[in-house]
Amino acid sequence: MVKLTINGQKVQAEEGITILEAAQDNNIYIPTLCHHEEVTSYGACRLCLVEVTKNGRERLVASCLYEVAEGLKVTTDSERIATNRKMLMELLLARCPNNKAVQDLAHKLGVEKTSFKLDDNDCMLCALCVRVCQEVVGVSAISLVNRGVDRAIATPYFEASNVCIGCGSCAYVCPVDAIKFEEVGDTRHIYWPNNDMEFKLKKCQKCGRYFAPQVQLDYIIKKAGLAPDAFDNCLDCRD
Amino acid sequence: MTTKNKPTKQKVTSILDSYEGDPGMLVAILQDIQAEYNYLPKESLTHISEGLDIPMTQVYSVATFFKAFSLKPRGRHIINVCLGTACHVRGAGRVLEEIGRQLDIKPGETTGDFRFTMETVNCVGACALGPIVVIDGKYSGQMKTDKVKTLLESYD
Amino acid sequence: MAKQSNNRLSSPQELEALRESIIKSRDPSQTCIVICGGTGCLALGAQEVITNFQREIEKGGLEKKLALRITGCPGFCERGPLVVIKPENILYQQVKGEDVVEIVSETVKGKIVDRLLYIDPDTGRKITYEHEVPFYKKQKRLLLGDNSNIDPTDIRDYLALGGYAALGKALSNMSPEGIIAEVKKAGLRGRGGGGFPTATKWETCRNAEGDTRYIICNCDEGDPGAFMDRSLMEGNPHSALEGMVIGAYAIGGHQGYIYVRNEYPLAVKNAQIAIEQAEKLGLLGKNILGSRFDFNVKISRGGGAFVCGESTALMASLEGKVGEPRAKYVHTSEKGLWEQPTNLNNVETWANVPLIIKNGADWYGKIGSQGSKGTKIFSLVGKINNTGLIEVPMGVALKDIIYGIGGGIPDGKKFKAVQTGGPSGGCIPENLLNLPVDFDELDKAGSMMGSGGMIIMDENTCMVDIAKYFVNFLEGESCGKCLPCREGLKRMSQILTDITEGRGKEGDIELLERLSATLIDTSLCALGSTAPNPVLTTLRYFRDEYEAHIKDRRCPAGVCKELVTYSIDKEKCPGCGLCVKACPSEAITDMGKKKPVALDQEKCIKCGACYDVCKLGAVIRK
């Protein structure tokens, strides 16, 4: 255990955890966008920046990546941080002005309008979808392509992927609802910011409900070494 | 350097073998593929993904991240106009515009007859002699708008 | 390589014996024609000069009389192609292919080709010898000076000059800790731009946890306008290689990489040859000089990404990933390439190491300023008479560099600013020209020394355009990972473009300043956090130019196209028609003999070709 202070409050934390985790454990709010506990931290949105003082030296660091240390002094809510958060939010709002989740967060951080010309995106390139697909699902069907202002989330060549299993984890984890997921009849549609795909759903032999993409079930069968008929019945109808 | 060769799995494999199948050498591998085919054919990326056992998304991400790579077939002659600061201060922008005007293409584009591809580069390190235009690896220094026509005419 | 030992050298003594035999086999009085074959001179037609010399010497059967050496860059790029006749050091400048026959015939007779000599612009007199040319005389060329004496594709030249003696000394007489102490005492600081104390980095890496340590030489040199590393790697690759081996031994690393940017094919080629030749002699590879220390070096090429000059991005690219930086809360010296302790240094930093080990830290410490020891290579480019590469002790005043060595501003124009530190640096105005150039002094003025690029600007450079240039450059090079850099640079570019195109508005400057503050505070890596520097320094020293663009819709320097009008001065125009021919949009009409031409504003695309081509000042640019 290490002892540190956050906003003057003395806090104890397990060695090896991040400032963000320590803060959350102690109900201290730090805004985040590109962070999710199920995947590795990325440090891209910069909203979680906090001031740390170590050995007399003060700097701004990403709390989702910086590990706690004995004697660390952390500030999560100074004027410097507030000013920076507001500007970051203005930049984000200019990128995604019509996105509800972004508008809500802007409002929460006290930003009602942006000084910049308006674009129109939903995706804010937090790459949570990419990380989930790579680290949790393990197929890496989408990635960050191009560079700089042309950066985008896409499948190779923006075409239908031959490794995507249609599980929808990306849509689930997206913090701003930029990936849409809908099922119509026997087809599941996933709409990414730059292309979309369709997946045929498996029909439960017992109840007739369409319950999961065939490719996803095939993938699970292969990975877990199950029998080919393992998912002939949906999860509700299995004994 | 034309695109008449279709990418073969053998060729790609031999390039992968020359780097001992080391996925860390992906950028170098892509450079060798591009040197062979004048661009990165889609099939070659698939072969690389299989040969190095890395996701296709990783190969595609790297291929689109670095400016050196083209996923579209390029012209017989690659024109690189340096837009480094020293060249900029000496009027490289005008040289770029003039070449673009004469060939009727924008930076990154290829002429309809696949004769030229015009690209920009951020400093080739011959800064004392700017503006610099490099065509097929041959450097021409102290370029001016009125020298462009003669320079381009020498390439078929 | 004719007389090469077939066995790898198994001791420093054997190295010295080889060196002696090489020196003995050479006649120091033999005439040697040295031609610069660096990228710069090649761009000015040096290949034809080289080919012609080869042909003339063969034709005349003069191989025994005239040796030929193709070298790397000696630095006087403005005057290239450069030919030096040794041992006298007669300098011929701006040599063309058709001059070769005469040079050969006169040199054989022991005569000089007067018309190819350099003329000192101050005295009007011709200067015969390279070392008397003011451009060279005022430098201290500890690193670059060897370029003229080395054919980079022949390791024997490097050996003849004493190359690898430092390595021999390090491996046989010094301990790794001793080497680190010597480099620390010398006060060597990184030459890539960061200026971090080199020995401290080495020490951290040596002491870090882990079994594998990697050694990297950063030759990505992304700063536009900088070509110091290119010239070192092209012209004297062994200097950096030797430094790497010494450093690897001190740190305890056995695998090294030289990361060369993709746009430097000649540097890649020469580095590869150097590695092969060093390996053959046992100066690289297994059991170096019989010391039982192994060290291998591979070359890795960049893919065209400025951001890969940043150490974590470089390492990501070496791992086959995109060049995205990561936060450096844990230094790369502890967790770098493949999560192992990694020591990365710039080419010029590595090249300084053999000098320190060979001559000692005391010797080195006498050169330079209090906080910055040694020399620094700078590239002098832009609006300056003597464009090229120079090497001076740290602490020399900017003024002495620009005027004393650089020869001042061409065409009688007035100096306006010098940009140092590339896209991460800033502009320094005239009233600060007495500043000594070293790591700390330039920082205080709001700029930084950076990797050594010095871009000189005159009265016809628009500082707002320069700020826009750098922001656009960085916008194109941003990896796109973090929000402030990716979105912030895009918005800075939009605002600056608006200003330079006549759409600037009240509040734009303040918005740029607020945006800059956030980029500095919140960017993930130094690309983003230093990106505001050119904007902030131009605002600091040239705010009036910004205000002219915004309030008056005027570009005082006459650069920003939308804010500039070209017109014909009817009094001065003799109707010669040069501008008519030069105009790409047929906006100028010939009105008949001896009548001034007519310029149609509607058709004018403001390219400035007429302004450039008119020698009589009859084209007005406002």
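Biologist: How many salt bridges are there between chain C and chain B?

Modeller: The count between chain C and chain B is three, a salt bridge being a side-chain nitrogen of Lys or Arg within 4 Å of a carboxyl oxygen of Asp or Glu. This is a predicted model, in which local features need pLDDT of at least 70, side-chain atom pairs count only at pLDDT 80 or more, and totals for chains, interfaces and linings use all residues. Side-chain values use heavy atoms, without hydrogens and water; residues are numbered from 1 along each chain as its sequence is written, chains are lettered from A and ligands numbered from 1 in the order in which they are written.

Biologist: Which side chains meet in a salt bridge there, at what N to O distance?

Modeller: One of the pairs is C:Glu78 with B:Arg90, at 3.9 Å from N to O.

Biologist: Which elements of chain C supply the side that touches chain B?

Modeller: At least two residues each come from α2 (39–43), β9 (296–301), α13 (311–318), β11 (375–382), β15 (453–458) and α18 (463–477) of chain C. The largest share, six residues, belongs to α18(C). Helices (H or I, at least four residues) and strands (E, at least two) are DSSP runs, numbered from the N terminus.

Biologist: And what area is buried between chain C and chain B?

Modeller: About 3,700 Å², with carbon and sulfur atoms giving 57%; buried area is the accessible area (1.4 Å probe) that two parts lose on being put together, summed over both. Chain C brings 57 residues to the contact and chain B brings 42, where contact means heavy atoms within 4.5 Å.

Biologist: Now chain A. How many residues of chain C are in contact with chain A?

Modeller: There are 34 residues of chain C in contact with 32 residues of chain A. The buried area between these two chains is about 2,800 Å², and carbon and sulfur atoms give 54% of that. On the chain C side, C:Tyr329, C:Leu483 and C:Arg491 lose the most area to chain A, together 25% of what that side buries.

Biologist: What does C:Arg491 meet in a salt bridge?

Modeller: Its side chain meets that of A:Asp119, at 3.5 Å from N to O. Across the interface of chain C and chain A, eight salt bridges are found. Ten residues of the side of chain C that touches chain A, the largest share, come from α19(C).

Biologist: How many salt bridges are there over all chains?

Modeller: The count over all chains comes to 52. Another example is C:Glu16 with C:Arg19, at 2.9 Å from N to O. These two residues are three apart in helix α1 (residues 12–24) of chain C, so about one helical turn separates them.

Biologist: Changing topic: in what order do the strands of the sheet in chain A run?

Modeller: The open sheet has five strands in the order β2-β1-β5-β3-β4, and the pairing is mixed; two strands pair if DSSP finds at least two bridges between them. The edge strands, each pairing on one side only, are β2 (9–13) and β4 (57–62) of chain A.

Biologist: How many bridges join β1 to β2(A)?

Modeller: Five bridges join strand β1 (residues 2–6) of chain A to β2(A), and the two run antiparallel. In β2(A), A:Gln12 is the bridge partner of A:Lys3.

Biologist: Which helix packs on the sheet?

Modeller: Helix α2 (residues 79–95) of chain A does, touching β3 (49–54), β4 and β5 (73–75) of chain A. The direction of this helix makes about 150 degrees with that of β3(A); axes are lines fitted to C-alpha atoms, for helices over the stretch in contact, and angles run from 0 to 180 degrees between N-to-C directions.
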